[in-house]
Amino acid sequence: MKFARVLPWIILSMLGAIALAQVVGFVSPEEKVNGLWLVVAAACIYVLAYRFYGRWLARQVVGLNNQHVTPAVRLNDGVNFHPTKKVVLFGHHFAAIAGAGPLLGPVLAAQFGFMPGFLWLVIGAVLAGAVQDFIILVASMRRNGRSLPEIAHDELGSVTGTATAVAVLFIVVVALAGLGFAVVNALYHNAWGTFTIAMTIPIGFLMGFYLQKFRPGAVAEVSVLGIVLLLAAVFSGRVVAQSSYAWCFEFDKPTLVWLLAGYGFLASVLPGWMLLVPRGYLSTFMKLGVVFLLGFGVILMAPTIEMPRVTTFASGGGPIIPGTLFPFLFITIACGAISGFHSLVSSGTTPKMIEQESQAVVGYAAMLLESFVGVMALIAASVLIPGDYLAINTTLGSDALAAMGFTPLRIGELSQLVEVDVAGRPGGAVSLAVGMAAIFSALPGMSGLMAYWYQFALVFEALFILTTIDTGTRVARYLIQEMAGRIYVPFRRMNWVPGVMLSSGLVVGAWAYLIGTGSISTIWPMFGAANQLLGMLALCIGTTVLIKMWKSLYLWVTALPMLFVGAITLTGSYEMFWMFLKKAGTSAAGQAFALYLDAVLVALVAVLGVIVLSDSIRQWYGYVVLKKPFTSSEVVVSAGGGSVGRVQTAVTADESCRGFRLPPRTGCC
């Protein structure tokens, strides 16, 4: 019986090993790779990682226990704290973390070849990204849903806490600008896509009120309602685009920036159940449906990967992303492998919604699923002829690309098939949509529908991005209120209307300004570096949390990926600083100011990261080696226990002696 239980896992491991050997060229290195092998290799690794590594983390490292009462139950206020069904929780969390990063990052990184990006997507997600998301989610859940900067302040002191708060706020704004830039490029002068995306807002309102007011708990009913209305919006979009009312939804880029900022502000100030959660849950259906349909298309059609395993741009000089493969591949991939932005969701909205501690595994599982999205995006971009891929993602002419050795062959034909001129549309969104449409239109019965699939893919991408923008704006609002609350106490009340309005306005104003003044060659590398740097900080704080959970034996779980991510990020920040300064010296006055500002911001956030890391290492040495006493802000309340209180764990030099002292006038925890 034991062998029968183990046999499926042995078979899965062997299948994954064979597929991976095909991908990296151990088998038939001279032949082009079939996209099917990438899907099989990734799927096998994800399943094995979740079953064994994720389960080990949950049981041995953090010890999830459903007897502990979560903040969503203890602090339920119906606005920020509210217990949520597991399936809805997973949908919200996945929708919140899966933005433009796993879609656009791998597409842009395909410039270096498909193999390095694939390996980092899979290995990075399993050992770094999913670990970061899960550990921070548990840490926040056991600290009353406190944010990452607040956890840093409580566990590491005011120096690290303040540096983390400033760095996090900057990183969030840059991340939202990078994501917003992609959606603006995808929707400008696109009535079909803009109409469909706009309709998801009233649909989200309807679902929120239906589930909260009309039919509480009727998750299945509201799911069917949302899917039907979403499909109706997608198909109606083409009718609207061909009607005399199309001009109502054909906006230029500045107008879309303002509309996007307005939506972000609205989603940030309204109660989560009213728009944020139902819209994220709604978009999850489309996200998962399209991702699995794309995977099915790759399995069924087995498309050939046209992109080389490694291109000549690995040594630098690429037309899309400047710099060499190390460190810019890792910075460009961003969210698909590890994303510091996820740590803000894991310490923002999600820990305030967990009904039972065992549900925290959504942090590990959702990251693996996002990485799979990144693999699908990489395949969709890599099935294009390299010259056509570069013609879409750059503004270079055919002669310039041919001189590089990448001649466009079908760019005119592709434009005719999708009924849009796709040449010279950098950013990754358009090339991804073209690649997805090519795969979908090759399915049985789909011939001649490439234009429909192209628009559908753009809507799919925009849904990904917007659900991250609304959640990210709300998380940034929390950060500003927490920081301002140290100066003026009312700001700390998350429902205080003036504080909500002011902090939300500051956030959307900042990222809207960056969108309006930046470009994909400046915003995306800066977003990637800032995002990875935040990942390093989150793993750094996670390491401290493990020490204070008496898990020093497992510090390698967070410390090793932290060191690797820190090395690539600080190297990339250094190179970008000088790159921005060099560009500013040869640019017009207005553009030069934006580039100088970018250089200062990159330098500032890198310095803050070094401060946090060095101060943390100093404290780790004291706790682990010198056996200095410490306090922990972890809150553990068991079912049937006394009143809620913060547990302060006093540790003596002798680790065999652990004393617990409760704050005055609190119950037993």
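Leu7 counts as partly exposed, because its relative accessibility is 34%, where partly exposed covers the range between buried (under 20% relative accessible area) and exposed (over 50%), judged with a 1.4 Å probe and protein chains only. This is a predicted model, in which local features need pLDDT of at least 70 and side-chain atom pairs count only at pLDDT 80 or more, while totals for chains, interfaces and linings use all residues. Residues are numbered from 1 along each chain as its sequence is written, and side-chain values use heavy atoms, with hydrogens and water left out.

Leu7 is found in helix α1, which runs over residues 2–24; helices (H or I, at least four residues) and strands (E, at least two) are DSSP runs, numbered from the N terminus. Together with Phe3, Val6, Ile10, Ile11 and Met14, Leu7 makes a nonpolar surface patch of about 550 Å². Such patches are made of residues with over 30% relative accessible area and no salt bridge, with like charges joined within 9 Å and nonpolar side chains (Val, Leu, Ile, Met, Phe, Trp, Tyr) within 5 Å. The accessible areas come from the Shrake-Rupley method with a 1.4 Å probe, and for residues only the protein chains shown count as cover.

Seen as a whole, the protein has 24 helices and two strands. Its radius of gyration is 24 Å, close to the 26 Å that the globule rule gives for 669 residues, so the protein is as compact as a globular protein of that length; the radius is taken over C-alpha atoms, and the rule is 2.2 Å times the number of residues to the power 0.38. Those C-alpha atoms fill a box of roughly 75 × 65 × 55 Å along the principal axes, and buried residues make up 59% of the 669 residues.

With 17 residues at 1.5 Å a residue, α11 should span 24 Å, and its end C-alpha atoms are 25 Å apart, which agrees; the expected span is 1.5 Å times one less than the number of residues. In α11, the residues Leu256, Val257, Leu260, Ala261, Tyr263, Gly264, Ala267 and Ser268 are buried. They cover an arc of only 160 degrees around the axis, which puts them on the same side of α11, the arc being that of the directions from the helix axis to the C-beta atoms. On the other side of α11, Pro254 and Trp258 are exposed.

The structure also holds nine salt bridges, each defined as a side-chain nitrogen of Lys or Arg within 4 Å of a carboxyl oxygen of Asp or Glu. Arg142, Glu357 and Glu634 are linked in a network of such bridges. In one of them, the side chains of Glu357 and Arg142 meet at 3.0 Å, N to O. Glu357 lies in the loop between α14 (340–346) and α15 (362–382) and Arg142 in the loop between α6 (114–141) and α7 (148–156), so this pair ties together parts that are 215 residues apart in sequence. Glu357 is buried, with a relative accessible area of 3%, and Arg142 also counts as buried, at 5%.

Arg142 meets the side chain of Glu634 in a salt bridge as well, at 3.6 Å, N to O. Because Glu634 lies in the loop between α24 (589–625) and β1 (648–651), this pair ties together parts that are 492 residues apart in sequence.
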